[in-house]
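Please follow the chain in the view below, beginning with a pair of strands and moving on to the helices around them.

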Amino acid sequence: MLIYPGDFDPSGEDIERDFLERAGCFDEAIRVALNSEQVEKYDLPPQMGKTTDSRAAAFVARHGRLVQVELDALSPDVLRELYTKTIRRFWDKSIYEDVLDAERAEREDLRA
């Protein structure tokens, strides 16, 4: 599984497909940022989108306008929160604690 952020623009939205096709090692991708709702919620500054992008028409069809919003416009604290929220969906504390216990036991064996 790949958890990633990206710019809100035609190319940024296509990065998931590109990651999955090129890497060939992920079965799923989850985008934590940016999407149109986050652009509005965090009042991020849009720039004019690139009309030369081959994905521009489909982006306009989905979003009603051609814009580009850089991921860098999002506060690092907000991005951390978005990642944390996503990772929590998959985090199993008991498995984590089991791994820590196993590591402690292995270190003790190595010391002996």
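Ile3 has Ile30, in strand 2, as its bridge partner. Strand 1 (residues 2-5) and strand 2 pair in the parallel sense over four bridges, where pairing requires that DSSP finds at least two bridges between the two strands; helices (H or I, at least four residues) and strands (E, at least two) are DSSP runs, numbered from the N terminus. The model is predicted, with local features needing pLDDT of at least 70 and side-chain atom pairs pLDDT 80 or more, while totals for chains, interfaces and linings use all residues. Residues are numbered from 1 along each chain as its sequence is written, and side-chain values use heavy atoms, leaving out hydrogens and water.

Together with helix 1, these two strands make a right-handed β-α-β unit, right-handed meaning that, with the strands pointing away from the viewer, the path from the first strand over the helix to the second runs clockwise. Strand 2 is largely enclosed by the rest of the structure, because four of its five residues are buried, that is, under 20% relative accessible area with a 1.4 Å probe, protein chains only.

Helix 1 also has buried residues, namely Pro10, Gly12 and Asp14, and what covers the buried residues of this helix includes strand 2 (29-33), helix 3 (56-63) and strand 4 (67-68). Just after helix 1, Gly24 takes a positive phi of about 65°.

Gln38, placed in helix 2 (residues 36-41), counts as buried because its relative accessibility is 10%. Leaving aside neighbours within four places in sequence, Gln38 is in contact (heavy atoms within 4.5 Å) with Val32, Ala33, Asp43, Leu44 and Leu82.

How values were computed: Buried means under 20% relative accessible area, exposed over 50%, partly exposed in between (1.4 Å probe, protein chains only).
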